[in-house]
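Good morning, everyone, and thank you for making the time.

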Amino acid sequence: MLERGIVVSYETIRRWCGKFGQTYAGALRRRQPRPGDKWHLDEVFIKINGEQKYLWRAVDQDGNVLDILVQNRRDKAAARRFFRRLLTKTRTVPRVIITDKLRSYGAAHREVMLCVEHRQSKYLNNRAENSHQPTRQRERAMKGFRSVGGAQRFLSSFSSISPHFRPRRHLIPAHDYRAEMTVRFAIWEHITGVAGPAVTA
């Protein structure tokens, strides 16, 4: 781009993401199918300006990100807040939730989702554990996040946009992967307003 006289700085990209990221991510989320009935929940620590925070994430059995939330703690109140936010955002109640053995999950589950089956095992929750990997990669590339609000806004958009361009390639043949990516790029062009009606899957 520099060869063609177009100067794009990191600040340009940051402003572009801040202005359009949430809009595009919201449009992609509205195209997603209804969430599955088995939810995997997990939390990991992230450093923001040298302070330890916690990134809570929920995915369904197909690996679709349901929600993320950056919080200061991982106690009962934080887990309860995340549960309630999940139910409000998805407008559905799962059949079962799977978490690690953090006691905060059990305490919040008894208050918010008592009728939902709760399984606690570090071995059953690989789906949520693996969903943190793209976030870790971006965190390293960006040399960390600067603020809680900035991290929340970026990761909310990133968790919707990134999977759109990352179908599980190891599960499908090459020709199906190319066809799927053609559809996904057409959807992206439609959402961003650079093309006509998107191709339907």
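This is a predicted model: local features need pLDDT of at least 70, side-chain atom pairs count only at pLDDT 80 or more; totals for chains, interfaces and linings use all residues.

Setting aside the neighbours within four places in sequence, Phe-154 is in contact with Arg-138, Met-142 and Phe-145. By comparison, Phe-154 and His-118 are 36 residues apart in sequence, and their C-alpha atoms are 30 Å apart in space.

Helix 5, residues 133–141, packs with helix 6, residues 148–164, at an angle of about 130°, and their axes are 11 Å apart. Angles from 65 to 115 degrees count as roughly perpendicular and those over 145 as roughly antiparallel, and helix 5 and helix 6 are therefore oblique to each other. Their crossing is right-handed. On the side of helix 5 the contact is made by Pro-134, Thr-135 and Arg-138, and on the side of helix 6 by Phe-154, Leu-155 and Phe-158.

A second pair can be described in the same terms. Helix 1, residues 10–31, and helix 7, residues 174–192, have axes that come within 10 Å and cross at roughly 130°. Helix 1 and helix 7 are therefore oblique to each other, and helix 1 passes helix 7 in a right-handed crossing. Helix 1 contributes Tyr-24, Ala-27, Leu-28 and Arg-31 to the contact, while helix 7 contributes Ile-187, Trp-188, His-190, Ile-191 and Thr-192. The residues of this contact divide into 6 nonpolar, 2 polar and 1 charged.

I would like to turn now to the charged side chains. How many salt bridges does the count come to? The count comes to 10, and I will take you through some of them.

Glu-43 and Arg-74 meet through their side chains in a salt bridge, at 3.3 Å from N to O. This pair links distant parts of the chain, 31 residues apart, with Glu-43 in strand 1 and Arg-74 in the loop between strand 3 and helix 2. Glu-43 is buried, with a relative accessible area of 7%, whereas Arg-74 is partly exposed, with a relative accessible area of 38%.

Another salt bridge joins the side chains of Lys-53 and Glu-51, again at 3.3 Å from N to O. Here Lys-53 is buried, at a relative accessible area of 11%, and Glu-51 counts as partly exposed at 48%.

The side chains of Glu-111 and Lys-76 meet in a salt bridge at 2.5 Å, N to O. Glu-111 lies in helix 3 and Lys-76 in helix 2, so this pair ties together parts that are 35 residues apart in sequence. Glu-111 counts as partly exposed, at 42% relative accessibility, and Lys-76 is partly exposed too, with a relative accessible area of 35%.

Finally, Asp-67, Arg-85 and Lys-89 are linked in a network of salt bridges. Thank you, and I am happy to return to any part of this.

Note on methods
Residues are numbered from 1 along each chain as its sequence is written. Side-chain values use heavy atoms; hydrogens and water are left out. Axes are lines fitted to C-alpha atoms, for helices over the stretch in contact, and angles run from 0 to 180 degrees between N-to-C directions. Helices (H or I, at least four residues) and strands (E, at least two) are DSSP runs, numbered from the N terminus. Angles under 35 degrees count as roughly parallel, over 145 as roughly antiparallel, 65 to 115 as roughly perpendicular and the rest as oblique. A crossing is left-handed if the near helix is turned anticlockwise from the far one by less than a right angle, and right-handed if clockwise. Contact means heavy atoms within 4.5 Å. A salt bridge is a side-chain nitrogen of Lys or Arg within 4 Å of a carboxyl oxygen of Asp or Glu. Buried means under 20% relative accessible area, exposed over 50%, partly exposed in between (1.4 Å probe, protein chains only). Ala, Val, Leu, Ile, Met, Phe, Trp, Tyr, Cys and Pro count as nonpolar, Asp, Glu, Lys and Arg as charged, and the others, Gly among them, as polar.
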